Amino acid sequence: MSEIVDAWVRRLKGKLRPIGEMTHWERMAAAFELRRSDLVPVAPELDYWQITYAGYSHAEIYNDVDKTTDACIRTWADLRTDAIWMYVDISHQIENFIPPEKRPEHFVHRGDKDYLLFKPVAKTIDEAIELYESRAYERYLEGSRAVTHYVPHMLQLLEFQEKMDRIVPVIVGIATPSNYAETLVEVQQFVRWTVTEPKKVKRYLDLALEERLAALDFYAEIARKHGLHFVCLFGGARTWGPRQLREFGYADEIFVQKAVKLFPYVFWHICGHNLPEAMQLLVQWDGIKAVQYDMPYYSQKLSWPEWCESVARLFAGKRCAMNSPTTQTACHGTPEDVRRMVREFLDATLPHTTAVVMPGCEVDSYSPVENVRAMIEEARRKPLP
Ligand SMILES: [Zn+2]
């Protein structure tokens, strides 16, 4: 039981103005199940952004679970998006691979609104394999921010979800094997090794997969019991070409097969410049209900509406499409740019499949409030076909 959650439940329960005819939860569930909803759901990934929106600095929340949770609920109560994204930073993901005394040199805090920067944990593929083989992630787990921050924060938000009678879903992000494999050593390194050291890369990915499958057991045990239904799988492999996807995509595929058996609403997050091949792969992996995709790959000479339409046609009858505006436009564009991009995405998508409005990656901490509000308003203005 958490005081901060109870205070918010007392303040909000039974007192919220209705938005549309469905609850936020029902609206998101309908989109995932490719059913009609009353309004187009809108659920921007507000990770860091909601911290400063709620009036905190990142330094202030870094070691304060209650303030982190307070920021997420406060932001939701104001903006009434169709989901609450929990706050996640890179330290939650990799601190348990690093001995406590070495952690300070791996993470760099800059300004109040800046992302936490980090240095890679291993420099060579052998070092990376050794990290897993020695089970560093188990030895250093206790006292790491996965345990002291990520899990308590997740449980507080799920407590809010349940005490509010599931009117709004909480989205929990879980990183996939490819995401871990890339993050621990840096993406460019990893991609280079897929060419120069394919056998070792396979060993490394197998170990990452083993750890991730065990992590899913933990989520099944703890998070599912506390009501988790909506899961975002943070995919890596964003810069992989078709050959790499064929050769090394298996680890993520096995991971997905397990995740979709545990949770009813699983979607895949693939940000950056997306390849049509990657989109096709995501349509083949059974059980994923939606895909949070991003911009077309550089070599695709497609306009924004053309790209959105090509993905929507591919997803027809199979996946809900989640996108728009781009993370860059959400940060650097005008509210009118944001509105136009949301409209173009919806016009191109809704004739073919369901849509959720959200940028392809997390909303940048520096994005203006007016842009986030414009995104929400524009999504809710769109009449459904
Ligand atoms: Zn992303």
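**Helix packing and strand pairing in the predicted model**

The crossing of α8 and α13 is left-handed, a term applied where the near helix is turned anticlockwise from the far one by less than a right angle, with clockwise giving right-handed. This contact is formed on the α8 side by Ile-125, Ala-128, Ile-129, Tyr-132 and Glu-133, and on the α13 side by Lys-200, Val-201, Arg-203, Tyr-204, Leu-207, Ala-208 and Glu-211, where contact requires C-beta atoms, placed from the backbone, within 7 Å. By class, the contact of α8 with α13 comprises 8 nonpolar, no polar and 4 charged residues. The axes of α8 (residues 125–133) and α13 (residues 198–223) come within 10 Å and cross at roughly 30°. The two helices are therefore roughly parallel, the term for angles under 35 degrees.

The structure is a predicted model, in which local features need pLDDT of at least 70 and side-chain atom pairs count only at pLDDT 80 or more, whereas totals for chains, interfaces and linings use all residues. Residues are numbered from 1 along each chain as its sequence is written.

Strand β10 (residues 320–323) pairs in the parallel sense with β8 (residues 290–292) over 3 bridges, pairing being assigned where DSSP finds at least two bridges between strands. Parallel to β10 there also runs β11 (residues 355–357), joined to β10 by 3 bridges. Ala-321 of β10 stands opposite Val-291, and has Ala-355 as its bridge partner in β11. Cys-320 and Met-322 point one way from β10, while Ala-321 and Asn-323 point the other way, and all are buried, that is, with 20 or more other C-beta atoms within 10 Å of their own.

Technical notes: Axes fitted to C-alpha atoms, helices over the stretch in contact; angles between N-to-C directions. Helix = DSSP H or I, 4+ residues; strand = E, 2+ residues; numbered from the N terminus. Parallel < 35°, antiparallel > 145°, perpendicular 65-115°, else oblique. Contact = placed C-beta atoms within 7 Å. Nonpolar A, V, L, I, M, F, W, Y, C, P; charged D, E, K, R; others polar. Buried ≥ 20, exposed ≤ 12 C-beta atoms within 10 Å, placed from the backbone.
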